[in-house]
Amino acid sequence: MMNIAVEFFVVILKVLWAIVMAGLKWLIRPKEKSVAGQVCLITGAGGELGRLFAKEFARRRATLVLWDINSHSNEETAEMVRQIYREEDSPMSKEGAVDGVEEVPPFQPQVYTYVVDVGKRESVYSTAEKVRREVGEVDLLINNAGVVSGHHLLECPDELIERTMVVNCHAHFWTTKAFLPKMLEMNHGHIVTVASSLGLFSTAGVEDYCASKFGAIGFHESLSHEIKASEKDGIKMTLVCPYLVDTGMFRGCRIRKEIEPFLPPLRPEFCVTQSMRAILTDQPMICTPRIVYMVNFLKSILPFEAIVCMYRFLGADKCMYPFLAQRKEAMNNNEAKNGI
């Protein structure tokens, strides 16, 4: 009993110390790590968030591996990355010359594009093998790809529900299984899960999306514990949970009009800037805006009916209904045009 009591006391001290250190990191910003020369793989790189992540890592001279199902948008992202590389390597961007001779950067980062359906594990595994042969081992894995069906549950085809689950959740299993073994062998790497605040607390009308993001967060947290248990302290994990981001994915979503000015959709640039700061300082989790932390905490301690009252006050209980109505109208218009 004495041993247990002593161990419990030590645990309390460690918990308090962890809280103090976390508080200090809020006050004193840790130094960002360098990712220059490291291989960064981003899924969903053709979308707005994926594109912004790619540009941020390019500015830090990482080698980019861009995965997307849409070849055209993926190549557009790649060209933006190449332009950043050219600007970074231009004479005007260098600090100066030594004895009249311009210094040549020791490393020239590159960008590689691959057409991948991350919802199909065969596509993920075969493309991962190509990446290892053509680029090398992946140092940073950004699981960013995501889709939304935009239907009420009883109106949503089963195929779309399955698609939401495999892209938003199952794909994280495939990409991680493809690249984690080498990270464990080298005790080096960083895995980022781009989830959503809707994976922490849900709302009506997007059951498949919420379930997929809850699943992605559960996977991320369990994997984080597994890596800690294996004592591989060189592998970092970061969970990204933003509020609604103004990328068009949930266009039409509306909370109560009196509340909306205080909680507008996030600008994609702000979301990625905050996420990059968390990734480069090895922060385990980032929620934007910070009120998301409070909402998640209240959801954990309040009765369900109390949460319902809060949702109704904020207009969050049916905030997705305008978005769902717009998607339905758009689909009906497309069907009419196509003569369906």
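Trp174 is buried in this predicted model, with a relative accessible area of 18%, and it belongs to an aromatic cluster that also holds Phe173 and Phe219. Elsewhere, the largest nonpolar core has 31 residues, and the UniProt entry, which is unreviewed, annotates residues 6-28 as a transmembrane region.

- The whole structure contains five aromatic pairs, one of which joins Phe173 and Trp174 in a tilted arrangement, with 6.4 Å from centre to centre and 55° between the planes.
- Arg121 lies over the face of Trp174, at a distance of 5.7 Å from the ring centre.

**Nonpolar cores**

- Within the largest nonpolar core, the residues that touch the most other members are Cys40, Ile42, Phe53, Phe57 and Leu64.
- Two or more residues of this core come from each of strands E1 (39-43), E2 (63-68), E6 (140-143) and E7 (189-194), and likewise from each of helices H2 (48-59), H3 (71-89) and H7 (268-280).
- Another core, of 28 residues, lies apart from this one and includes Val148, Phe250, Leu263 and Cys287.
- When neighbours within four places in sequence are left aside, the contacts of Ile42 include Phe53, Phe57, Leu64, Trp67, Ile142 and Asn144.

**Annotated span**

- Residues 6-28, which carry the transmembrane annotation in the UniProt record, are 96% helix and 0% strand, and their end C-alpha atoms lie 32 Å apart.

Conventions
Residues numbered from 1 in each chain as written. Predicted model: local features only at pLDDT ≥ 70, side-chain atom pairs only at ≥ 80, totals over all residues. Heavy atoms only, no water. Phe/Tyr/Trp six-rings, centres within 6.5 Å; stacked < 30°, edge-to-face > 60°. Buried < 20%, exposed > 50% of the residue type's maximum accessible area, 1.4 Å probe, protein only. Lys NZ or Arg CZ within 6 Å of the ring centre and 35° of its normal. UniProt positions renumbered as here; feature names shortened; annotations may be inferred. Helix = DSSP H or I, 4+ residues; strand = E, 2+ residues; numbered from the N terminus. Core = buried A, V, L, I, M, F, W, Y, C linked by side-chain atoms within 4.5 Å. Contact = heavy atoms within 4.5 Å.
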